Amino acid sequence: MEVVRVEGLGKTYPGGTKALEDVSFSIDKGEIFCLLGRNGAGKTTLLRILATQLKPTVGRASVLGHDVLAEPQAIRPHIAVVPQEARPQMLLSPYDHILYFCLIRGQSRAQARERTQKVMEDLGLWEHRDKLASDLSGGLRQRLIIAMAMVADPEVLFLDEPTIGLDPLGRRSVWSMLRALTKKGATILLTTHYLDEAEVLADHLLIVDKGRTAFLGTVDEAKGDTGVGMRVIVEPTAGDGSTAPEILEPKSAEEILAIVERGLREKRKVTFKPASLEEAFIKIVGGSIEVENT
Amino acid sequence: MYIGLFDALPLLRDPMLLVVISLFSFLPVIFIFVFADQASAVQSLIGAIVLTFSFTGLFASQSVYFNKQWFRFQDMLVASKVSPASYAVGLSLSGLVVALPGVVVALVLLLLSGGSSPAGIVLLLATSFLLWIGLVFVGFAIGATTKNARRANSIPQVLSIALGFLPPVYYPLSRLPAIAQPIAMLIPTTHAAQLAKYYFGLISIPASEVVIGWAYLLGFAALMGFIASRRAHWVDP
């Protein structure tokens, strides 16, 4: 079942900046769909249009069968958003945040208390319920923001760079939470510029570059389309600096076997490096995101 | 209502801060009470009530800015069934909730000082409320267009001096030089304070000035409402 449909979408801001141009894709129910691109590529613009926060200038977009421009009220009760760099009120507790978001979304006090406990337990926040947000780690704060979005039990969840600034464990905790949500039937659209994140999470991905679609498909298709394959590094054993390392790209199992045999025979270290999305991304947009951000 | 409570909760949870904020506009009254006569103190107390409403309206700019740009709660609430009207009313009321204890204390003091009638108090609150509406719109226009936290804090503070401490709100209009009085009448807080003092029988003004005062406050609220509606957006263009 198609949950999101985008056709020829474009956005030019009032100042004249063209942020999106002719973007089309669709997302099925229960998918994690990743939007990739450099900073300023148009990821947040696209997410905000779909979350009914920003008006597109051309094209059409629908969420859960409703047009984002014509029927935003029909969409909003069924979605939730985790904005980029959202942060909690430092002088309030996680319990306050989630309880009040339940109440603001129209739940009764009894429902709100029950839902707050459920969401906090699901996201591992219950034990931190009475701490001030200022005393929480970055990972817990981000989890709190996600929990605030989750109170409505959304059918579609939009997350704008949800793991930015988190340590590796915090990122993995968010990833497993997102996977658990899709198992319950939620559909997730997230933007990221962490390629390993997209590689782990994405059922489908859209790479946006300068507002245009640079690639649309699965992670494997991205690697396949760009001809990125496994690399094998053959180098001298430690202490022997006589020969420079060789980087090989075997095309068949026989070639791999031959390289291994050679390594054993010549007593050289052989390292296998699987194809990564990062390499595919570099080929697609012509630059590494991490390098761009430094 | 819950939007306003959520916004005001950090202040409501901190009684010391609550006392400071809710009594902020009443501090000049203490000096006037000490250094002038009781009639001047009563006049300044009325001015302080008018200004409490003004400041809470003006400082809605901070709620608007921080919920939109800092916490990003506005984006989270747009993607929900919360309507823009209830969001705007909620944020506007959060300041009033915080200021309410100070207003109640001031009203009690006014009653204790004698010479105040229920009608006077109702009309004082009505003028203050009308001024508050106009300044809430100013707050929304500022908060929606401000792009950094420093400006979000400094602009309402500068305006609060221009609207509150300089014009004849705590003190009588007659204390200003004749040349400055027409300039003071361009400021909405002057009109609200003049009307409130008039309804308490502290000053006498012609009926035409009363009508002009109400018309000015209504016009100010309407104009600021128009400007705020052009500046503050629920869905970004």
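Chain A and chain B meet in a contact that takes 27 residues from chain A and 20 residues from chain B, where contact requires C-beta atoms, placed from the backbone, to lie within 7 Å. This is a predicted model, in which local features need pLDDT of at least 70, side-chain atom pairs count only at pLDDT 80 or more, and totals for chains, interfaces and linings use all residues. Residues are numbered from 1 along each chain as its sequence is written, with chains lettered from A and ligands numbered from 1 in the order in which they are written.

**Side of chain B that touches chain A**
- Helix 1 (2–12) and helix 6 (73–78) of chain B are the elements that give two or more residues; helices (H or I, at least four residues) and strands (E, at least two) are DSSP runs, numbered from the N terminus.
- Helix 1 of chain B gives the most, with 5 residues.

**Helix pair in chain B**
- The axes of helix 8 (residues 118–145) and helix 12 (residues 207–231) of chain B come within 8 Å and cross at roughly 20°; axes are lines fitted to C-alpha atoms, for helices over the stretch in contact, and angles run from 0 to 180 degrees between N-to-C directions.
- Helix 8 of chain B is therefore roughly parallel to helix 12 of chain B (angles under 35 degrees).

**Sheet in chain A**
- An open sheet of 6 strands has mixed pairing and the order 6-7-8-3-9-10; two strands pair if DSSP finds at least two bridges between them.
- Its edge strands are strand 6 (79–82) and strand 10 (212–217) of chain A.
- Strand 9 (residues 204–209) and strand 10 of chain A run antiparallel, joined by 5 bridges.

Conventions. Two residues are in contact if their C-beta atoms, placed from the backbone, lie within 7 Å. Angles under 35 degrees count as roughly parallel, over 145 as roughly antiparallel, 65 to 115 as roughly perpendicular and the rest as oblique.
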